[in-house]
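Here's a quick briefing to read with the model open beside you. Take a look around first, then work through the points below.

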Amino acid sequence: MKVAVTGATGFVGSRLVPCLVEAGHSVLVLSRSPHKAQTLFAPQGAAVTVVGYQPTQAGDWQQSLGGCGGVINLAGDPIADSRWTTAKKQQILQSRLLGTQRLVEAIAQASPHPPVLVSASAIGFYGSSETATFHETSASGSDFLAEVCRGWEQAAEAATAQGTRVALVRIGIVVGPGGGAIEKMLLPFRLFGGGPLGTGQQWFSWIHRDDLVQLLMRALTDDQWEGVYNGTAPNPVRMQELCEVLGRVIRRPSWLPVPEFALELLLGEGAQVVLQGQQVLPTRTLSTGFEFQYPQLEQALGQFLQP
């Protein structure tokens with residue numbers, strides 16, 4: 001089918017698009033940086049078409065969804081790259097809320113309507129806890145990220161009014177080569193100064209990028225996938241264990257903790273992304289028969305990290 005993808009140049013999207021092409025689909029990439037997207041996906045040739053757009057603004061790009069058999073929505077402003085000023089929090093919220101609303105408008109305008117929308121959300125939906133376990137049916141939290149995720153999901157679910165099947169994937173912390181949270185943690189470890197962030201007791205609910213890509217493609221093509229699915233591996237770990245595994249895989253010590261105040265000085269309120277966590281299990285995802293290629297963290301990190 002022809003598949004429209006937003007957020008295609010990001011850490012997940014840049015792997016998803018080639019996989020869609022390998023599976024025989026053609027891809028319409030909606031990008032704020034069309035030149036970057038064209039360069040990135042040049043190896044896929046004519047199978048990828050790039051259309052420039054401003055995700056939070058209506059425009060001619062909305063007409064491009066005609067003929068699409070599906071839409072995958074991964075766009076959103078980065079969460080943990082800077083302090084959460086008032087302006088930054090507004091960007092985080094509006095990039096997801098308005099961006100998804102404009103995309104759903106485009107789905108409504110298309111004739112025929114794309115029959116499926118796979119839209120990203122995040123495990124921030126559940127809030128944070130060191131003791132609770134969260135499943136797809138668990139209630140939402142009360143913090144800023146939970147608010148963002150609720151609005152994000154509600155905006156996507158509006159596409160059901162057009163008869164479009166909507167699958168929401170609440171994504172955990174994505175690990176894989178060349179990016180993601182692990183990439184940011186590697187330098188201190190390689191300099192023999194790595195260790196847990198904060199108390200080390202917070203949960204780290206993760207997923208290998210390749211598993212997430214396969215999950216998104218399954219949600220796209222399987223008509224039975226509708227509603228919420230957790231995009232997390234079945235074996236979350238605490239931060240302390242993550243650092244021990246990371247040190248073991250790259251053969252470096254993992255004993256030097258990073259104190260909470262250092263992260264809070266750097267990221268302010270945004271430090272909660274790494275200082276607070278949640279134990280999220282993919283209960284409904286597993287019930288579909290989906291099989292994770294990388295269910296264990298050490299196996300997942302070993303796939304792309306070298307000593």
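Is V118 buried or exposed? With a relative accessibility of 1%, V118 counts as buried. Keep in mind that this is a predicted model.

- Seven strands make up an open sheet with parallel pairing, and the strand order is 3-2-1-4-5-7-11.
- Strand 3 (48-52) and strand 11 (227-231) sit at the edges, each pairing on one side only.
- On average, neighbouring strands in this sheet are turned by 20 degrees against each other, ignoring direction.
- Strand 4 (residues 70-73) pairs with strand 5 in the parallel sense, over 3 bridges; here V71 stands opposite L117 of strand 5.

**V118 and its surroundings**

- V118 belongs to strand 5, and V71 turns up again among its contacts.
- Setting aside neighbours within four places in sequence, V118 also contacts I72, N73, A167, V169, L216, A219 and L220.
- L216 is 98 residues away from V118 along the chain, yet their C-alpha atoms are separated by 7.1 Å.

- Helix 6 (residues 209-221) lies across strand 1 (2-6), strand 4, strand 5, strand 7 and strand 11. Helix 6 runs at about 165 degrees to strand 7.

**Helix 1 with helix 6**

- Two packed helices are described by the angle between their axes and the distance between the axes.
- For helix 1 (residues 13-22) and helix 6, the angle is about 55 degrees and the axes are 10 Å apart.
- That angle is why helix 1 and helix 6 are classed as oblique to each other, and their crossing is right-handed.
- On the helix 1 side, the residues in contact are S14, R15, L16, C19 and L20; they meet R209, D210, V213, L216, M217 and L220 of helix 6.
- Helix 1 is mostly covered, with 7 of its 10 residues buried: G13, L16, V17, P18, C19, L20 and V21.
- The cover over those buried residues includes strand 1, strand 2 (26-31), strand 3, strand 4 and helix 6.
- Just after helix 1 comes G24, with a positive phi of about 100 degrees.

**Helix 3 with helix 4**

- The axes of helix 3 and helix 4 come within 8 Å and cross at roughly 10 degrees, so this pair counts as roughly parallel.
- Helix 3 brings K89, I92, L93, R96, L97, T100, Q101 and V104 to the contact, while helix 4 brings F144, V148, G151, W152, A155 and A156.

**F125 in its loop**

- F125 lies in the loop between strand 5 and strand 6 (133-134), and its 8% relative accessibility makes it buried.
- Beyond residues up to four places away in sequence, F125 touches S138, A139, S140, G141, A146, C149, R150, E153 and R170.
- F125 and R170 are 45 residues apart along the chain, and their C-alpha atoms are separated by 7.7 Å.

**Helix 7 and what follows**

- Helix 7 has 12 residues and reaches 17 Å from first C-alpha to last, close to the 16 Å expected at 1.5 Å a residue.
- Its buried residues are M239, L242, C243, V245, L246, G247, V249 and I250.
- Helix 7 is followed by R251, in the loop between helix 7 (239-250) and helix 8 (260-267).

- Most residues other than glycine have a negative phi, and most peptide bonds are trans.
- R251 has a positive phi of about 60 degrees although it is not a glycine. R251 is exposed, with a relative accessible area of 64%.
- S111 and P112 are joined by a cis peptide bond, with omega about 0 degrees. P112 is found in the loop between helix 3 (86-109) and strand 5 (116-122).

Technical notes: Residues are numbered from 1 along each chain as its sequence is written. This is a predicted model: local features need pLDDT of at least 70, side-chain atom pairs count only at pLDDT 80 or more; totals for chains, interfaces and linings use all residues. Side-chain values use heavy atoms; hydrogens and water are left out. Helices (H or I, at least four residues) and strands (E, at least two) are DSSP runs, numbered from the N terminus. Buried means under 20% relative accessible area, exposed over 50%, partly exposed in between (1.4 Å probe, protein chains only). Two strands pair if DSSP finds at least two bridges between them. Axes are lines fitted to C-alpha atoms, for helices over the stretch in contact, and angles run from 0 to 180 degrees between N-to-C directions. Contact means heavy atoms within 4.5 Å. The expected span of a helix is 1.5 Å times one less than its number of residues. Angles under 35 degrees count as roughly parallel, over 145 as roughly antiparallel, 65 to 115 as roughly perpendicular and the rest as oblique. A crossing is left-handed if the near helix is turned anticlockwise from the far one by less than a right angle, and right-handed if clockwise.
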